[in-house]
Amino acid sequence: QVQLVESGGGLVQPGGSLRLSCAASGTIFNIYVMGWYRQTPGKQRELVASVTNSGSVQYADSVKGRFTISRDNVKKTVYLQMNSLKPEDTAVYFCTADIQDVYRGVPYDYWGQGTQVTVSS
């Protein structure tokens, strides 16, 4: 079994910062792309940022210059540093990872349970 466990969400004032973490565990053979999505009520889940196992990153236009994604391949963990937070960043943030476990022949997309980020004064 493979699990993704997120941490780091919470309430922050506009202009503040938060750091999300997501650790993968279980019968992992290899991890390819890791990323973060977010979702607000009534809207589709949207990509925030992603990073490949070679370090290539991409960001949604709305977070460029404010958010930074990184990963630690030894710890099997992906991070999202969020600075200059705005009320419109309020959402449930989900971690995702493209993981090949030791029993499957092909990678599979795994998701975390989600963590709430609320930006409000």
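Predicted model: local features only at pLDDT ≥ 70, side-chain atom pairs only at ≥ 80, totals over all residues.
Local features need pLDDT of at least 70 and side-chain atom pairs count only at pLDDT 80 or more, while totals for chains, interfaces and linings use all residues. Residues are numbered from 1 along each chain as its sequence is written, and side-chain values use heavy atoms, with hydrogens and water left out.

**View 1. The disulfide of cysteine 22 and cysteine 95.**
Let us start with the sulfur atoms of cysteine 22 and cysteine 95, which lie 2.0 Å apart and form a disulfide (a pair of cysteine sulfur atoms within 2.5 Å). The count by this rule is one disulfide. The link joins distant parts of the chain, from cysteine 22 in strand 3 (residues 18–26) to cysteine 95 in strand 9, 73 residues apart. Strands here are DSSP runs (E, at least two residues), numbered from the N terminus. The angle about the S-S bond is -75°, and the link is left-handed. Both cysteines are buried, where buried means under 20% relative accessible area, exposed means over 50%, and partly exposed lies in between (1.4 Å probe, protein chains only).

**View 2. Threonine 96 and its surroundings.**
Strand 9 (residues 91–101) also holds threonine 96. Threonine 96 counts as buried because its relative accessible area is 10%. Have a look at its side chain, which reaches the backbone oxygen of tyrosine 110 at 3.0 Å; a polar contact is a pair of N or O atoms within 3.5 Å, and within protein one must be able to donate a hydrogen and the other to accept it, with residues adjacent in sequence counted only if both atoms are side-chain atoms. Leaving aside neighbours within four places in sequence, threonine 96 is in contact with Leu4, Val33, Met34, Gly35, Tyr37, Tyr110 and Trp111 (contact means heavy atoms within 4.5 Å).

**View 3. Isoleucine 69 and the residues that it touches.**
Isoleucine 69 sits in strand 7 (residues 67–72). With a relative accessible area of 5%, isoleucine 69 is buried. Not counting residues up to four places away in sequence, isoleucine 69 touches Met34, Gly35, Trp36, Ala49, Ser50, Val51, Val57, Tyr59, Val78, Tyr79 and Leu80. For a sense of distance, the C-alpha atoms of isoleucine 69 and lysine 86 are separated by 18 Å, the two residues being 17 apart along the chain.

**View 4. A salt-bridge network of Arg38, Glu46, Arg66 and Asp89.**
A salt bridge is a side-chain nitrogen of Lys or Arg within 4 Å of a carboxyl oxygen of Asp or Glu, and the count by this rule is five. Arginine 38 pairs with glutamate 46, the closest N and O atoms being 2.7 Å apart. Arginine 38 is buried at 7% relative accessible area, whereas glutamate 46 is partly exposed at 35%. Aspartate 89, buried at 1% relative accessibility, forms a salt bridge with arginine 38, with closest N and O atoms 3.0 Å apart. This pair links distant parts of the chain: aspartate 89 in the loop between strand 8 (77–82) and strand 9, and arginine 38 in strand 4, 51 residues apart. Arginine 66, buried at 11%, also forms a salt bridge with aspartate 89, with closest N and O atoms 2.7 Å apart. Shared partners join Arg38, Glu46, Arg66 and Asp89 into one network.

**View 5. A nonpolar surface patch.**
Finally, Phe29, Val102 and Tyr103 form a nonpolar patch on the surface, with about 400 Å² of accessible area together. Patches are made of residues with over 30% relative accessible area and no salt bridge, with nonpolar side chains (Val, Leu, Ile, Met, Phe, Trp, Tyr) joined within 5 Å and like charges within 9 Å. Accessible areas come from the Shrake-Rupley method with a 1.4 Å probe, and for residues only the protein chains shown count as cover. Phenylalanine 29, found in strand 4 (residues 28–39), is exposed at 57% relative accessible area.

Technical notes. Helix = DSSP H or I, 4+ residues; strand = E, 2+ residues; numbered from the N terminus.
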